Amino acid sequence: MEKHRKKIEFGARQHPKLEGITYNYGTAGFREKADKLDAVMYRMGLLAVLRSKKTKVEVGLMVTASHNPVEDNGVKLVDPMGLMLTENWEPHATHVANCSDLELVDTLQRVAAEEQIDAKQKVNVIIIGYDTRPSSKRFASSIQDGVEAFDEQVFQAGCVTTPQLHYLVRGLNTQGVYGDATEEGYYMKLGLAFWKLNGSQGIQTPVYVDGANGVGAEKVPKLLKYINEGKCSRAHFDKKSHLQAFVSNDGSQGILNDRCGADYVKIKQKPPVGMDVIHGKRYCTFDGDADRIMYFYVEKDGAFKLLDGDKICILLAEFFFEHWQHLELPRATFGVVQTAYANGSSTKYLNEKGIRVVLAPTGVKHITKKAEEFDVGVAYEANGHGNLIVKEKTWNSIIACSRKRLRPTDRQKARSAEVLENLINLVNQCVGDALSNMLVVETILNLRKLTIEEWAKCYDDLPNRQLKVKVRDRSVIKTTWDETKVIEPAALQRAIDVLVGVIPCARSFVRPSGTEDCVRVYSEAETQELADTLAYGVAGTVYDIAGGVGEKPQLHIP
Ligand code: NG1
Ligand code: ZN
């Protein structure tokens, strides 16, 4: 470290820390107004070098603030297997981001000592990706300054979706076994799996995509090229399949996440602006960095129908589970991970199908960790972020069933194993992925010969409402591990219980957001009116008991 002291200090003068801000490495890394983040970016470049020295392999960094407004930005570290940064390094990230410029080298030294990092350990390369925000490219170069202050190298992956960056990191660290570590390799892997599942006929009806004016919008046509032109294999150009997707909110006019994108559609429960929504067509919506996706359509009478992460989860889990049962792997476990935001009807549906469901706290890292407890885990958040995680030994068993010469009586088993092998290749196992999950949904609907309307009918969502409340300090609210109850302030939970108690079949909970400066309120009830009344009642109570600021949330009945 001493060897690099001068360079690190020089860099710190180019990327000086702002006074009066405390940064916190939350559930998705650092998120802030972009004009407050330059020093954090530089410092995360430095920290990534230490993380890479510790793990002795490549790590990545993604510059994005996902569904947040365009003036925000953020950064998160990506661990060697393409997963979120391990939790015990989050405090290191927070310390490195918050120390003064003068303390920077000493803080890094402390991390290195605590983690017993061998200073001589060589780093191969640090992979950096960024989204379409105006500040993002500049931040990728601030991160590069951090890496280079240690005389290490970066690989600038450029403007990519968050899941593509995760994929690249895993591809590099598995020497291409997971997939070729290039953007082209990503499309080829998905394209080949799509062709194997859907054949040359592919899918006959188009899907209409709300690109949130973000990075996913520009990647859809690239993906389609590989599918429709048969470019999914370097050796053969004959693997042509068919998929049409028309992208609105493609970034050519609108503003990122502005009245469009998965978060807007979920919270407002209405179609995005910038898209003509017509009965009889199938729509989906991405968020700004394309790790979330949801589907929607309108009925004849114009009623808006949303198929959120829970509905996608069920489509995938049920399809997988049916084939999985044919494999007869008695000791292998299969389960679904949801969060408290999962619609009550979805949990009931899964239970009735005999599929095990467990809860995890909100956030990708939590659901992923829980999913890893199963041999095959399907982990989904209601907001459209989710994927499937398969243990290596289970993956090998599936491949063995799919490749083995089986007796004619075992044909169904072999067919199911083949479908599952290809389906697993279609999923991004690192993190939720809008592009890959779009292909998953399209494929399952196609194989099951289901329309979007038929899929929607698998269960009726309980009407629900999500609200945000601004408070002075959201950390005053402490919840149980699964976030379904407030522990502190105790009076808040008592008040919520009273409000919930007077509405039949209702549920409500509150928690401090990990990515925004607010407290989130969720409610569910038998009618939309009751869900709204409950949500505003609870939001008002949060405001009163937990130090609300600004305007008190109030239900305006038109
Ligand atoms: P917070 O801000 O902690 O609620 C939000 C989402 C998470 C996850 C993260 C990361 C909701 C209610 N919360 O977290 O599911 O996607 O952002 O981006 O949707
Ligand atoms: Zn996102």
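Around ligand 1 sit 15 residues, the closest being Glu-381, Ser-513, Gly-514, Thr-515 and Arg-520; a residue counts as near a molecule if one of its heavy atoms lies within 4 Å of it. This is a predicted model, in which local features need pLDDT of at least 70 and side-chain atom pairs count only at pLDDT 80 or more, while totals for chains, interfaces and linings use all residues. Residues are numbered from 1 along each chain as its sequence is written, ligands are numbered from 1 in the order in which they are written, and side-chain values use heavy atoms, with hydrogens and water left out.

Several side chains reach ligand 1 through polar contacts (pairs of N or O atoms within 3.5 Å; within protein, one must be able to donate a hydrogen and the other to accept it, and residues adjacent in sequence count only if both atoms are side-chain atoms). A polar side-chain atom of Ser-513 is 2.5 Å from an oxygen atom of the ligand. For Glu-381, the distance from a side-chain N or O atom to a ligand oxygen is 2.7 Å, and for Arg-292 it is 3.2 Å. Taken alone, ligand 1 exposes 430 Å², and the protein buries 94% of that (areas by the Shrake-Rupley method with a 1.4 Å probe).

Strands here are DSSP runs (E, at least two residues), and helices are runs of H or I with at least four, numbered from the N terminus. Ser-66 counts as buried at 4% relative accessibility, and Asp-287 does at 0%; buried means under 20% relative accessible area (1.4 Å probe, protein chains only).

Asp-375 is buried, at 5% relative accessibility, and its side chain joins that of Lys-393 in a polar contact of 2.8 Å.

Leu-197, in helix α7 (residues 183-198), is also buried, at 8% relative accessibility. Beyond its neighbours within four places in sequence, Leu-197 is in contact (heavy atoms within 4.5 Å) with Val-419, Asn-422, Leu-423, Leu-426, Thr-443 and Leu-447.

Methods
Buried < 20%, exposed > 50% of the residue type's maximum accessible area, 1.4 Å probe, protein only.
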